[in-house]
Amino acid sequence: MEVGKYSVGLDIGTTKIVAIIGRENEYGKIEILGIGRSKSLGVHRGVVNNITQTIKSIQQAVEQAEVNSGLKIGSVVVGIAGQHIRSLQHSDYITRSNSEEVIDEDDLDRLCNQVYKLVMLPGEEIIHVLPQEYKVDGQAEIKAPIGMYGGRLEANFHVVVGQVSSIKNIGRCIKSAGLDLGNITLEPLASSDAVLSQEEKEAGVALIDIGGGTTDLAIFKDGIIRHTAVIPFGGNVITEDIKEGCSIIEKQAELLKMKFGSAWPGENKDNEIVSIPGLRGRDPKEITLKNLSKIIHARVVEIVEQVYVEIKNYGHEEQKKKLIAGIVLTGGGSQLKHLKQLVEYITGMDTRIGYPNEHLAGDSDQEIASPLYATAVGLLMNALENEAKGKSTEEEQEEGLVEETVMEAHGETVVTGAVKKERKSVFDKWSEKLKDFLDNAE
């Protein structure tokens, strides 16, 4: 990818919307050119519930990023999460007509396309099909079957499902904000790209991204994503509890949580008190920090236990599925004091806080290396990757390396070439479907 070419990641969260512009430098690191942030209005638990407000918030973040960078934003890669996302495991197989020929990408595509035909609940659609291990003629635990001989090709799949309407609403907001939708990426996958190392993914790791409205979980083992889940609780529920428990307004509750909040109640002494100014001449309120951390502790324990149930459902106790690298916490909620210790206490697993600084250029602003921006950095990485892929394909076509044949298969265009086979990812196909829908809706 040429230096000077830039891409944009857009994180539409429940609490904030972040637009981040960056490019890859000559050392393969990401150079942040500009960042824009606005308060997210119109998004509840990761789902758009007010289109007009969301469009305004997106435009504010994008304008700020444009002013900071002096660049114009056209196409963006957007993250998708929310309580409507669910995942399931599915096994499928195909019988090959000629077992004397080796397995190629067409066979893998045929198997994947078969999974897309699964019947979902009304209003749901498959947005991600992730192959786990393959089996060839009963021989198990094959990671890459291409080039092998066999008549029956089987695979276990991790299938991610989402509400069609929620995804279309995000697309509508992007388009109405005057932007092009470059790609859609599952947010836990974006965060994992930004904060996890390949060694951790191989050893087995659970990424917990605690956002404002939702807590996202992604489990990796042997370098493959094994399980994803979205828990409909996040930092905002903790703020709500403080507001109710201490009878104060939301703004004060959020400040209290960030400045004095702790997930471990034993840390505070009974005589540690914070005074909150009263509203409109009323007497100030006095709140003990011990009481504050008890309120926070109760809710955080509930969130962590729900995540731990998902980790146990994956089968973490089994030796074969053991997550050796433990847990990585990221997202704005991971900055709560003593959260790491509490997670280790509840789960008994090694825990660290994930910062997205590994992929950033050395001179990047320290603020961007915060867990708060893990998803946005991951989305930017995805955008840069797509840009690089698109560019290499264009170059090969210009050099005349690809002899193109276009054919329709399962309603999508597949370009096959004599040397290079250009295949669309799940989300590329989704983006195209979404663009067609938005164009037709006008």
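In what order do the strands of the open four-strand sheet run? The order is E7-E10-E8-E9, with antiparallel pairing. This is a predicted model, where local features need pLDDT of at least 70, side-chain atom pairs count only at pLDDT 80 or more, and totals for chains, interfaces and linings use all residues. Residues are numbered from 1 along each chain as its sequence is written, and side-chain values use heavy atoms, leaving out hydrogens and water.

- Strands (E, at least two residues) and helices (H or I, at least four) are DSSP runs, numbered from the N terminus.
- Strands pair if DSSP finds at least two bridges between them.
- Strand E7 (86-95) and strand E9 (139-142) are the edge strands, each pairing on one side only.
- From one strand to the next, the twist averages 40 degrees.
- E7 and strand E10 (residues 152-163) run antiparallel, joined by 10 bridges.
- Ser87 has Val160 in E10 as its bridge partner.
- Helix H2 (residues 105-115) packs on the sheet and touches E7, strand E8 (124-136) and E10.
- The direction of H2 makes about 130 degrees with that of E7; axes are lines fitted to C-alpha atoms, for helices over the stretch in contact, and angles run from 0 to 180 degrees between N-to-C directions.

**Glu66**
- Glu66 lies in helix H1 (residues 51-69).
- Glu66 is buried, at 16% relative accessibility; buried means under 20% relative accessible area (1.4 Å probe, protein chains only).
- Not counting residues up to four places away in sequence, Glu66 touches Ile21, Leu71, Lys72 and Ile73; contact means heavy atoms within 4.5 Å.

**Cysteines**
- The count of disulfides (cysteine sulfur pairs within 2.5 Å) is zero.
- Cys112 is buried at 17% relative accessible area, and Cys173 is buried at 0%.

How values were computed:
Buried < 20%, exposed > 50% of the residue type's maximum accessible area, 1.4 Å probe, protein only.
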